[in-house]
Amino acid sequence: MSDKAPVLEMRNVDKSFGPIDVLHEISLKVHEGEVLCLLGDNGAGKSTLIKTLSGVHQPTRGQMMMDGQEVRFPRPRDAQEMGIATVHQFGGTYPLMSVGRNFFAGAEPTKGFGPFKVFDRQKANQIAVEEVQKMGITRITDGDRLVGGLSGGERQSLAIARAVYFGARVLILDEPTAALGVKQAAHVLRIVNEAKRRGLAVIFITHQVMHAMAVGDHFAVLIRGAIAADFRKGEKSREEIADLMAGGESMADLEANIEGYMETHDGHPPPPAH
Amino acid sequence: MENFAVLLRRPAAASIVSLIGVLVFYVFAGVELDKLFGAASWVNYAARIGIVALPVGLLMISGEIDISIGAMIPAGAMTTAIISGHYDLPIVFGILGALAIGVLVGSINGILAVRTSVPPLIITLATLVAMQGVVLAGSRLLTGSASVPLNAPDWAKTIFGNLMFGGSHQVIIVWWVILAVIFWFFMHHTKYGNWIYAIGGDKESARNAGIPVNGMTILLYIMTATAASFVGMCHSILFNSAQVSGGMNDIFNIIVSVVVGGVLLTGGFGSVAGIFVGALTFAIVNKGIDFTAIDRNWSNLIIGIMLLLAVGMNEKFRKLALSHVSKKK
Ligand SMILES: Nc1ncnc2c1ncn2[C@@H]1O[C@H](COP(=O)(O)OP(=O)(O)O)[C@@H](O)[C@H]1O
Ligand SMILES: [Mg+2]
């Protein structure tokens with residue numbers, strides 16, 4: 001669709017931890033202004049994949065390319081410097097720190113010089129509040145407020161706003177909607193769209209098909225560490241995607257089974273299989 | 001009222017309430033406050049534990065702990081006394097020797113803490129016991145005794161080990177206050193303080209955010225061990241001698257004062273002001289008992305109760321801080 005080289009690409013990447021092979025022959029690309037949804041069941045290797053993309057892990061084999069050039073990220077910082085911002089699953093914010101201090105953790109604005117460089121709290125708070133407000137979280141007005149008092153969606157939005165602010169070209173979000181309610185998830189999805197509109201390449205990880213369909217341009221389904229399907233928006237229906245994620249076992253059949261069971265058992269669902 | 005509410009949300013809140021509570025208790029127990037405030041015993045003691053409590057508090061905010069400090073106070077004292085007392089080398093070497101042994105043991109603690117998955121309590125328990133052995137055996141081997149005399153020149157006494165105000169206040173009180181200001185600046189007004197909070201809040205996220213977690217952790221361990229050996233060095237200069245001792249009391253007293261000072265045991269929360277007041281409060285409880293008719297052994301009961309109350313208050317005030325939203329003016 002675009003003649004420009006993809007912003008970020010993986011070519012035949014394998015990742016193993018000692019004897020455990022987690023990723024096999026992963027090839028993926030993501031372009032500017034595009035959302036790549038990475039779908040997969042728990043344990044499929046989604047987090048491992050994005051940790052490899054963000055310099056937390058090194059690929060065991062294979063190449064990673066940025067703008068067509070081969071790259072390596074020995075440390076997370078190297079990936080960040082190349083413009084890859086990652087919001088890891090279960091992380092990114094510190095509950096007992098203020099909004100401003102959270103936003104700038106690891107990249108604090110300072111004023112003064114030499115040993116008297118002071119952390120510029122006012123500037124940190126002001127920018128942090130501005131940036132989260134731009135993302136539509138208008139309830140955060142006080143940069144001194146502790147993050148632990150925010151809702152899950154607000155915390156997630158803060159982490160995303162932070163990633164976007166630090167000049168990311170590629171935004172990687174690991175299950176940002178997993179722990180959220182419907183409304184908060186919708187908010188995060190809006191932020192993903194906003195990031196895309198600004199021309200960022202987004203890799204959005206989820207195991208909720210509806211969330212993926214709401215924002216994705218391009219989809220990849222990961223099963224036991226390998227890409228089982230790779231398709232574009234509109235090429236597959238929700239049911240087909242759900243079936244793929246379930247590993248070929250048809251979700252529709254499963255649902256039909258459950259309904260059949262309930263009809264013959266006074267509306268009770270079947271007991272869990274194991 | 002609004003100012004009072006702001007105060008309650010600060011990490012130092014519980015320590016200030018503890019301090020007031022302890023003073024009120026002592027007034028009822030018959031202490032004359034002007035006598036207490038004029039006395040040096042508790043201020044000297046506050047400085048002794050307070051100097052070490054500052055870096056220990058920061059280390060605990062970062063989610064680690066160091067109990068080898070108990071061995072490092074006598075180690076600093078013995079090093080100074082052996083070098084400049086027994087071998088009669090200039091005091092500068094004794095001072096540098098004491099600081100060097102702090103840096104060395106702190107580095108060992110720090111490197112083990114970041115390189116292995118052994119819990120820091122166990123690592124520093126090992127270095128605690130090891131250093132107790134090294135100090136005793138080293139002192140016996142080199143000097144043939146467990147107590148070494150030292151005669152420091154006047155300038156060294158003036159700076160590190162003298163009494164002030166023509167009375168019995170030790171000069172390390174000044175060191176404590178200066179160090180507290182430096183630590184306060186470092187923790188609350190530089191980016192390094194932010195890193196320490198982040199490391200204690202979520203180490204994995206801090207690493208992902210590019211914060212040099214390992215370097216920072218090693219630095220904090222070096223600071224705790226060196227602060228302890230510094231205190232030992234000052235005492236050997238003040239008392240003209242150094243003895244081998246276990247230092248077990250110091251470990252508990254320092255950690256209790258840090259916790260009373262509002263530092264969260266699991267890391268991520270606390271303040272230098274709180275740590276400072278915590279040491280002050282602890283010292284008043286510990287030494288203030290001598291100003292009452294109460295048997296001094298009861299002071300430990302008071303410390304136990306104070307610890308529980310302070311931790312309870314810390315929980316409460318932290319919840320207050322978390323749920324607080326400032327109204328738009
Ligand atoms: N550091 C590691 N060492 C060994 N195995 C790991 C490591 N990280 C992840 N794994 C394994 O890799 C598999 C995929 O995990 P993960 O990438 O977290 O899956 P997902 O995010 O898709 O739920 C799991 O079986 C997990 O146990
Ligand atoms: Mg995961």
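Colleague: Which element gives the largest share of the shell around ligand 1?
Modeller: In this predicted model, ligand 1 is surrounded by residues of chain A that include Gly45(A), Lys46(A), Ser47(A) and Thr48(A). Helix H1 of chain A spans residues 46–53. The largest share of the shell, 3 residues, comes from H1(A).

Colleague: How far is the polar side-chain atom of Ser47(A) from an oxygen atom of ligand 1?
Modeller: Backbone atoms also approach the ligand: a backbone N or O atom of Ala44(A) lies 3.3 Å from an oxygen atom of ligand 1, and a polar backbone atom of Lys46(A) is 2.8 Å from one. For the side chain of Ser47(A), the distance from a polar atom to a ligand oxygen is 2.8 Å.

Colleague: How much of the accessible area of ligand 1 does the protein cover?
Modeller: On its own, ligand 1 has 570 Å² of accessible area.

Colleague: Which strands stand at the edges of the open sheet of 6 strands?
Modeller: The strand order in chain A is E6-E9-E10-E3-E11-E12, with mixed pairing. Two of these strands have a single partner strand each, so one side of each is left without a neighbour in the sheet. They are E6 (84–87) and E12 (226–232) of chain A.

Notes: Residues numbered from 1 in each chain as written. Chains lettered and ligands numbered in written order. Predicted model: local features only at pLDDT ≥ 70, side-chain atom pairs only at ≥ 80, totals over all residues. Heavy atoms only, no water. Pairing = 2+ DSSP bridges. Helix = DSSP H or I, 4+ residues; strand = E, 2+ residues; numbered from the N terminus. Contact = heavy atoms within 4.5 Å. Axes fitted to C-alpha atoms, helices over the stretch in contact; angles between N-to-C directions. Near = heavy atom within 4 Å. Polar contact = N/O pair within 3.5 Å; in protein donor to acceptor, adjacent residues only side chain to side chain. Areas by Shrake-Rupley, 256 points an atom, 1.4 Å probe, with all protein chains shown as cover.
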